[in-house]
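Have a go at each one before you read its solution.

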Amino acid sequence: MTITPESTSVGFIGIGVMGKSMAGHIQNAGYRLHVYTRTAEKAKELVEGGAVWHETPGDLAAACDVVFTMVGYPKDVEDIYLGSNGLVERAKPGAYLIDMTTSSPLLAGRIYEACTARGLHGLDAPVSGGDIGARDAKLSIMVGGDEADFNAVLPLFRLMGTNIVLQGKAGAGQHTKMCNQIAIASGMMGVSESLAYARSAGLDPETVLRSIESGAAGSWSLSNLGPRMIAGNFEPGFYVKHFIKDMGIALESAREMGLDTPGLALAESLYKQLASEGYENKGTQVLFKYYTER
């Protein structure tokens with residue numbers, strides 16, 4: 001299958017903080033876009049721009065050559081793909097089903113096998129880059145699945161990201177995303193502690209940030225979320241509740257491999273404490289409050 005705007009109908013399920021921008025890039029490239037999300041209002045702008053709304057994921061799948069999903073939790077992924085009237089059951093013969101949710105590597109393998117059994121093409125392709133990366137089409141996309149399938153949908157991936165890597169067989173994309181989330185988890189503690197220290201020392205955190213973000217301490221989190229911490233902007237680019245979900249998947253996978261991850265375990269405990277205090281729908285940069293409001 002050759003994927004072009006003229007010949008390919010593309011579905012996108014999950015029009016959230018990141019999904020809306022990602023679907024918008026596909027629409028703006030001239031593809032016939034089909035959408036579904038649990039809260040129809042979130043897709044209003046895309047529908048007004050010409051996207052076709054569907055009442056169920058299965059109905060969308062029946063109309064599309066390629067379907068992307070970016071939903072909340074592994075249970076949502078399982079229901080949408082493997083449930084009755086789901087994507088695998090309703091998809092067109094030869095369709096490409098691509099899950100961009102951060103989900104379980106084991107579930108990714110099950111979906112791939114179910115797709116293969118029905119003559120479909122399944123890929124797991126979680127992303128990193130947050131709302132900014134989604135908006136600017138500069139996401140890092142980590143893909144698991146067959147190389148031929150990866151190459152076939154690469155034109156669509158390129159509309160959403162700039163660092164697009166086939167990591168290996170089905171599930172490899174999800175395992176790579178776990179590596180990403182493990183690095184971020186401890187990194188967020190470091191960024192928060194660093195800027196809290198600057199404030200406690202009587203320094204101007206913005207001036208400190210200018211000095212340290214271009215040195216050895218530099219990171220995406222420091223440069224993009226550090227300013228939000230300083231400004232007291234804790235609105236979500238990536239929700240605390242979803243980060244807790246991701247860390248839970250990573251901890252479970254690590255245990256299965258016999259790997260101890262103490263930094264990850266500590267970060268999860270801090271975020272769970274914040275969630276219990278009512279911050280589960282804030283952005284991950286709200287960790288700064290743990291260090292500055294106690």
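The exercises below use a predicted model and look at a few of its helices.

**Exercise 1.** Check whether the length of helix α6 (residues 105-117) agrees with its 13 residues at 1.5 Å a residue.

*Solution.* Start with the expected span: a helix is given 1.5 Å times one less than its number of residues, so α6 should span 18 Å. Next, take the end C-alpha atoms of α6, which are 19 Å apart. The two values agree.

**Exercise 2.** Find which residues of α6 are buried, and what covers them.

**Exercise 3.** Look at both ends of α6: what does Ser104 reach at the start, and which phi does Gly119 take just after the helix?

*Solution.* At the start, a side-chain oxygen of Ser104 comes to within 3.2 Å of the backbone nitrogen of Leu106. Just after α6, the phi of Gly119 is positive, at about 75°.

**Exercise 4.** Work out how α10 (residues 205-212) and α11 (residues 220-231) are oriented, and describe their contact.

*Solution.* The axes come within 10 Å and cross at roughly 175°. Angles over 145 degrees count as roughly antiparallel, so α10 and α11 are roughly antiparallel to each other. In the contact, Pro205, Glu206, Leu209 and Ile212 of α10 meet Leu222, Gly226, Pro227 and Ile230 of α11. By class, that gives six nonpolar residues, one polar and one charged.

Note on methods:
Residues numbered from 1 in each chain as written. Predicted model: local features only at pLDDT ≥ 70, side-chain atom pairs only at ≥ 80, totals over all residues. Heavy atoms only, no water. Helix = DSSP H or I, 4+ residues; strand = E, 2+ residues; numbered from the N terminus. Buried < 20%, exposed > 50% of the residue type's maximum accessible area, 1.4 Å probe, protein only. Contact = heavy atoms within 4.5 Å. Polar contact = N/O pair within 3.5 Å; in protein donor to acceptor, adjacent residues only side chain to side chain. Axes fitted to C-alpha atoms, helices over the stretch in contact; angles between N-to-C directions. Parallel < 35°, antiparallel > 145°, perpendicular 65-115°, else oblique. Nonpolar A, V, L, I, M, F, W, Y, C, P; charged D, E, K, R; others polar.
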